[in-house]
Amino acid sequence: MSQLASRHLLGLEGVPQQDIQLILDTAESFREVLDRTIKKLPTLRGITVLNLFYEPSTRTRISFELAEKRLSADTVAFTPSTSSVKKGESLRDTVQNIEAMKIDMVVVRHSSSGVPYYLTNCMDANIINAGDGTHEHPTQGLLDMFTIRRKYGKLKGLRVVLVGDVKHSRVTRSNIWGLKTMGASVALCGPSTLIPYDAEKFGCDLYTNIDEALEGADVVNIMRIQLERQQAGLFPSQREYTNLFGISKERLKRLNKNYTIMHPGPMNRGVEITSEVADSDKSVILDQVTNGQAVRMAVLYLLSGRKKEGEEGE
Ligand code: CP
């Protein structure tokens with residue numbers, strides 16, 4: 001039995017505070033394993049995980065794969081371009097055929113919002129959302145919270161500003177739901193064309209002026225500007241976006257003294273963030289990537305219902 005309220009992780013909206021707390025606390029013990037010479041535990045021996053990535057990924061795909069291997073799970077990678085998807089096989093048939101080979105858990109990334117939920121209706125496996133369309137990217141939200149909590153020792157009461165494409169960013173959504181559940185104060189900032197008309201539903205402070213948004217903030221988490229959206233005319237030009245919303249050293253004077261710079265990657269250096277900021281000692285961008293492995297180990301372990309070594313019953 002999973003110790004979490006759900007046997008799947010589809011998003012952070014509605015996930016209870018005690019479940020987020022349990023994932024973050026569990027990730028702390030796995031984070032310590034990553035600093036050992038031998039980074040391997042037998043926890044998921046005998047469990048097979050399918051990594052079903054219908055969209056490109058560097059960080060999330062490799063991080064999940066390493067997390068699975070470090071927990072001794074068997075892993076299978078699915079690549080649509082070299083599969084029978086090319087012959088027209090549907091998503092449902094694809095996953096049901098792979099599950100017939102005895103799969104226990106599925107990590108899925110897809111360009112369509114709702115695919116992880118859809119899979120819960122046609123498979124018995126535990127489903128973990130690795131990013132679906134514009135909906136959510138829950139393990140990114142969790143690793144962002146884990147990274148913030150490691151630095152400040154808390155989430156409650158911190159002011160976190162999420163900057164960029166609020167309308168289309170699944171990372172922003174997972175950060176909003178997770179951080180608010182954990183008691184942080186969340187502000188959203190971006191061009192009005194990239195803030196959804198119903199953004200009040202998030203219960204966050206909304207800004208279209210970056211300097212006002214950054215005033216007194218502890219953390220600024222900078223979202224990737226999806227340059228493909230420029231064709232849709234949602235912001236006038238890359239240069240104007242950089243002038244109005246790009247995070248440069250000058251802008252950081254408004255933040256609290258002990259501030260933190262975050263970015264989920266991949267970064268457009270010189271567009272939403274300068275290299276000087278990305279590579280500064282206040283940046284935890286690479287820590288986010290390292291911590292992501294520990295968080296994904298925690299999610300895989302908790303959803304599997306397995307016990308850790310030393311916790312086995314009779
Ligand atoms: N942060 C993130 O999701 O990066 P990838 O697209 O490389 O997985």
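How much of the accessible surface of the protein chain belongs to carbon and sulfur atoms? The share is 48% of about 14,100 Å², with areas from the Shrake-Rupley method and a 1.4 Å probe. This is a predicted model, in which local features need pLDDT of at least 70, side-chain atom pairs count only at pLDDT 80 or more, and totals for chains, interfaces and linings use all residues. Residues are numbered from 1 along each chain as its sequence is written, and side-chain values use heavy atoms, leaving out hydrogens and water.

**Overall fold**
- The protein chain has 10 helices and 9 strands, taken as DSSP runs (helices H or I, at least four residues; strands E, at least two).
- Its radius of gyration is 20 Å, close to the 20 Å of the globule rule for 314 residues, so the chain is as compact as a globular protein of that length; the radius is taken over C-alpha atoms, and the rule is 2.2 Å times the number of residues to the power 0.38.
- The C-alpha trace spans about 55 × 45 × 35 Å along its principal axes.

**Burial and contacts**
- Of the 314 residues, 54% count as buried (under 20% relative accessible area, 1.4 Å probe, protein chains only).
- Among contacts (heavy atoms within 4.5 Å) between residues at least 6 apart in sequence, 74% join residues at least 24 apart.

**Ser283**
- Ser283 sits in the loop between helix H9 (275-278) and helix H10 (285-304).
- Ser283 counts as buried because its relative accessibility is 16%.
- Leaving aside neighbours within four places in sequence, Ser283 is in contact with Ile261, Val277 and Ala278.
- A polar atom of the Ser283 side chain lies 3.4 Å from the backbone nitrogen of Ile285.

Definitions and conventions: Buried < 20%, exposed > 50% of the residue type's maximum accessible area, 1.4 Å probe, protein only. Polar contact = N/O pair within 3.5 Å; in protein donor to acceptor, adjacent residues only side chain to side chain.
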